[in-house]
Structure formats: C-alpha cells, structure tokens
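Subject: Structure for your files

Hello,

Here is the structure I said I would pass on. Please look through it before you read my notes below.

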Amino acid sequence: MNQWLDDRLHISRLNDKFLRKAFPVHHSFFLGEITLFSLIVLILTGILLALSYEPSNSLVVNSFDPGTKANPNLVPAAYHSALKINAMPFGDMLRRIHHWMANIMVAAAVIHMMRIYFTGAFKKPREINWWIGMLLLIFASLTAVTGYILPYDNYAYNTVKVIYAITKSVPWIGDWAAQAAFAGRFPGDGIIPRIYGYHIMLLPGILLALTGAHMLIMIKQKHTQPQYAKRLAYKKIVGVPLMTQQTPIMLLLVLLFTGLVVLFSAFIPVHSVEYYGPPSTQAISSIKPDWYLLWVFGALAIIPGFEWEVLGGVISAEFVGAMIFPGIIMAAMFAVPMLDRSKENMYYAENPTNHPVRLAAGVAFLVMMIVLSVAGYKIELIQGGLLTTANANAILWILTIGLPIVSYFAVLGIVRMIRALREADERDALAHAHADD
Amino acid sequence: MTRYKKQDPEITRRKFINAALGAGAAVGTVSLVTTLGAAKPAFRLTPDKAPPQPGDILVHADASKEGQPIKMSELSEQGVSAWPMGKDKDGNNVIRKAEPNNQLAVFRFEKDRFKAPEEGGHAHVVLELDGITDQGVVVYSSICTHAGCPVPNDPNDATKLFCGCHSGQYDLLQGCKVIGGPPPRSMPQVPVEMKGDQLVLKDTFVTAPFGFLNEADWETYLEQVKEILG
C-alpha cells in the first residue's frame, strides 16, 4: 500500500521532510505535547457538548421545574440546555472533562513556556515561535473565559457583566466596542449566540491556525537540543524520529494523560449550574475567575478608585487594572526575546544557573503573579480578619512589589552559591586528577 | 521593423498590478468593516429599560416574589432587592428589569443613625434625608460603580456593603459613600416615600449610577429618556 500511495502522492517525501523529525529525549519536552493533546481532547468533547447545547438566552419553561401554568418557571434556553446536558447519560462527565482539560491545557502551556524561558529557548532563531506562543496563551484564555459564560447560570451572568463593564471602560470607544462585541447593551438579546460563535468558531479557528504555525515553525527550526546532545554529537540533531519511535511514546502519553484526566473528572465535580441557578438579582458573595486570570482580578481589587477625564474620555481604575496593567505584563512577556538576545543561532538549551539574571527575573515575575493572585482573595482576607479595609491595599501593594525584589536577590544569591560550589568541585576534581598523574 | 516597435506604456506592469491590488484591498477592507458595524444592534429605549422614575412603586426582584410590592414588615438592615415598577403609555404595570443596572436595594435603619456624608475621598456623595422615610427606609442602587456587580451586605457589619467582585465597600448610613476598594463613585440613592403601604419613588438616582461616564453623561441620558418616553 505504501508503494501505491507513494506512486500517487509521493509520501516518501513527506516522510523524509516531516515524519523523520527528531524529537529530543527529555521529559520537559512533553509539556508542549500535553498542551496539544489537551487541545485535541477539548475539540472532541467540545463537539459533543455543542451537539446538545442550545445557544440562546431566550426564556423557555424549565422542564425540570415547570412551575404553574399561570406562573411558569422561565429560564434562559442556554441554562436549560446545561441542565439537560447534566441530566443526560455521561453529560456531566463531558462537561467535567472539557472543564478540567481546559485548565490543564493552560497549565501545561504555562509550564511549557517556563521551560522555554528558563532555558533560553526563545533566543534567535526561535523568537517568532515565542510570540506565536504568547498569542496562543492569550487566545486560550479568551476561549476559556467565553466558555464559562456559556452555561449562563447566575455566576456566568455576573462574570459576563464584569467583562462587559471592562470592555466598556476603554476610553472613547468602549461603549461602542462593548455593544458590538456583546450584541447590544448588556444583556443584549443576542449575547449568548454571540459568545457561542466566539467560543466554538472564531477562537478555536484562531487557536488551530496559530497551533499549526507553531508546529510548522518548530519542525522547520528543530527543537533546541538538551545539553546531553552537545556531548553526544556536537552540532548534530540528536533525538528519536517522529515515525516510528516518538509516535508510540506520544500515543502512550496521550492515552495515559487523557485517562488520568477522565479519572480525575469522575471524582472532582465542576462548577454546579444548579447551585447558582439561572441569572438573577442575587448577589454572589465571592466571585472569582479561573486561576490563570486571578492576577488580573487581584490587580483590580487593589488599585484604588479614580476617574480622570481626558479629551472627553474617562480613564478609570477599572480600565487601568483590567487593560493597561495586564497590557504592560503581556508587553513585557512579548519583549523577552528582544531583551535577552544572542547573535548566533541557538542550538542547545542553556543551563538556567549560567544565566542568573534571567532566572532571577523569571522567578521574581512568577512571585509577583502569585502575590497578585493572593490579592484576588482580598475579600476573604478582610472578612476573615487577617487584613483590615484600611491596611489591605498598602500591605498587598508592598508584598506585590517587595516579594519579587526579595526573591530576585535571593535567587541571585543562591545561584552564586551553587556556582561557587560547582567551581570548587571542578577545581578539586582537576587538582585530584593532576595528583593521580 | 516598425511593426514590432514597442510603445512605452504609460505605467509599468508592476505599478499597474500594485495599484489594482491596493484598490482591491481598500474596497474589500471598507466593505468588511461596514459589515462589522452590523455587529452592534441598535438600542431601543422601552419603558422596561428606562431608569427609575418618580412615582414608581418598589417591587420585589427576588424570583420567588417578583413583582409583589415591598412591605414595611419585610425590611431590615439586610438589603432587599427591588425593581422600580412604573406604567407604560397604556397604563399597564411595567417592571423596569430589562436594564439590570436598575436593580435597587432597600434597607431600614433607625432614622437618626443616618448622617451627612463626610467630606473627602470620593466626590458626588449625596444623601437626601428627605428621601428617607420616617421609618428609616433608604433605597440605593444595588450595582457597584466599579464593575457592575450587585453588592451584598458586609457579613461583619450590616451598616456596610461589601462587593464580592473586587472588594468595594460602601457605608449605608452615609449615602453609600465608598469606604474601601476600587469603586470610583458612591452608589446613588433613590429618594422614596411611603404612600399607603407602598414604597413610592420621589425621584430617579440622585447621582450618576453605574454605566455612565460622569454626571453630564447621566443628565444627557435622562433628557433623552424624557424625550422618548414623554
């Protein structure tokens, strides 16, 4: 059959060009693969969920609790279909797998990015793939956010209300942009069809296109090689070929990984739409975004209120907290390949301890993200009596700025110690080697 | 030979193709952007989207009792969610709930506990003591001026509100003045009076509620509402 196909499609050329791609053997190189597999599982479970989901916020009678004829119990169709999905065989499991897989996809992408950052793999010639990776991270977050609006329970309703408000807070164009993005003044009649379109067509399309570009560029440029490859065969590509050695490893990985997520989903439920009920006027005492957006949420909570009028537009704390501040953070991440450059093309992953400033800056950045995420729990910190209204902002700001600075210098110190010990060891080894002669 | 002599064209082939491509791209972009404009539906103001009007009756917003007038016996320091209910042109009752930012909260304190908002901090704090009934019933917008979440009572101090979204805090006894967190403005009061056994609004929001850039923006909107709904 190979021959038959080869005569017609020249698959041997495909084989030579793509299927023989060498994969370095190191566990940290599985992180990107896990992200990719999560995306595939998300698409499959997403298709199954879309088959039963009703993208509409028109009111329908809740068939599980119809009320009376005179006073029917009306709920949005989207919410109703979420209830129906929960009631259908394996339906709740599908929602759980989709939900946990999305969390794991973002987590794997973040850790994958950490591997790239700490080993300097973003340097020339791989800057473009760092930027595409950044876009993937941003669009994955947007896809996740639009995803948890779709069940349209009270939690989702309040979430999308805040997102609408954030869009609207953009000076000058915000009002128009929010109405255009969310189908009219909140809550527009078409808000759920609009978000459904984003979540199942627009954003996955962008994600797939970017993923394709990410893969092709990676195949073209080859992986950065782990350090062992340098000792094994200098400036040669070392690794196992995709076909057939890497493929069974990948298959094992995807089956084991998906199995684990399914097992996890069987025991850990997701956000219960029944508990929150359909959109209502009921205030939710504590509402939080998913963990990877908690830092933006924390920043919003500790930026004090202000409004500046500039040329007819209003610059508000909300705009600064939810747009400008995350914009600066994203810009800093985009700028990484321009801040830490190499003149020559990079072949080998760098040892993080040989680049202490980059390592320390990365750790400081992560510490800041964690402190801001903790600041997202400001309400609980105040209501629990740990902080007071008067001192909460000051303390959280000091920690947000102070802890990263402390960890920056701590990392520099520790790395210096490690290197001193290592150099001492090398000197000793050298001295003893000479003594043996 | 003259038969084969080439005339110099007025523009080169490359120039022509570039110009054609540019024109095509421009026309295409403009038409696509125009289509994008259709993403924003027109806004039509209907009585159920209008802001609270003088004469509106306060009715329950909670799903189980929606539309029933709020009674004095149901009120306490814990806020009761309410919608303003007015009339449309034909005199039918209209609950103004199509605009979620019309959500109000009704509280009751002893009347002498209210005090004029202290100066400092945030501008635009207005507490109309006339708008609090003799029994101490006060009505505020329920929507946080920061990101538009409905704000519940602070579990540790019922005279305060504590927003579950970004930790905005308000003082109910001082005109819902901001006392903590990121909100830029106080949540506006809606003056009310007792008529029979119903709570009736005397006015709309005394300052700009959530969703408006500033007082001027809010005033303009009120005028538009008056014009459209008469």
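This is a predicted model: local features need pLDDT of at least 70, side-chain atom pairs count only at pLDDT 80 or more; totals for chains, interfaces and linings use all residues.

Residues are numbered from 1 along each chain as its sequence is written, while chains are lettered from A and ligands numbered from 1 in the order in which they are written.

Chain A has 18 helices and six strands (DSSP runs numbered from the N terminus: helices are H or I with at least four residues, strands are E with at least two). Its C-alpha atoms fill a box of roughly 100 × 70 × 45 Å along the principal axes. Of its 437 residues, 33% are buried, where buried means 20 or more other C-beta atoms within 10 Å of the residue's own, exposed means 12 or fewer, and partly exposed is in between, with C-beta atoms placed from the backbone. Among contacts in chain A with a separation of 6 or more, 77% join residues 24 or more positions apart; a contact means that the C-beta atoms, placed from the backbone, lie within 7 Å.

A:Glu307 has A:Ser316 as its bridge partner in S6(A).

A:Pro241 sits in strand S4 (residues 240-241) of chain A. Why is A:Pro241 partly exposed? Because 14 other C-beta atoms lie within 10 Å of A:Pro241, this residue counts as partly exposed. Beyond its neighbours within four places in sequence, A:Pro241 is in contact with A:Arg20, A:Lys21, A:Ala22 and A:Gln246.

As for chain B, 35 of its residues are in contact with 39 residues of chain A. Strand S9 (residues 177-180) of chain B gives the largest share of the chain B side, three residues. The domain assignment, which is automatic or from a database, gives chain B domain 1 (2-37) and domain 2 (47-229). The C-alpha centres of these two domains of chain B lie 61 Å apart.

Regards

Key: Two residues are in contact if their C-beta atoms, placed from the backbone, lie within 7 Å. Two strands pair if DSSP finds at least two bridges between them.
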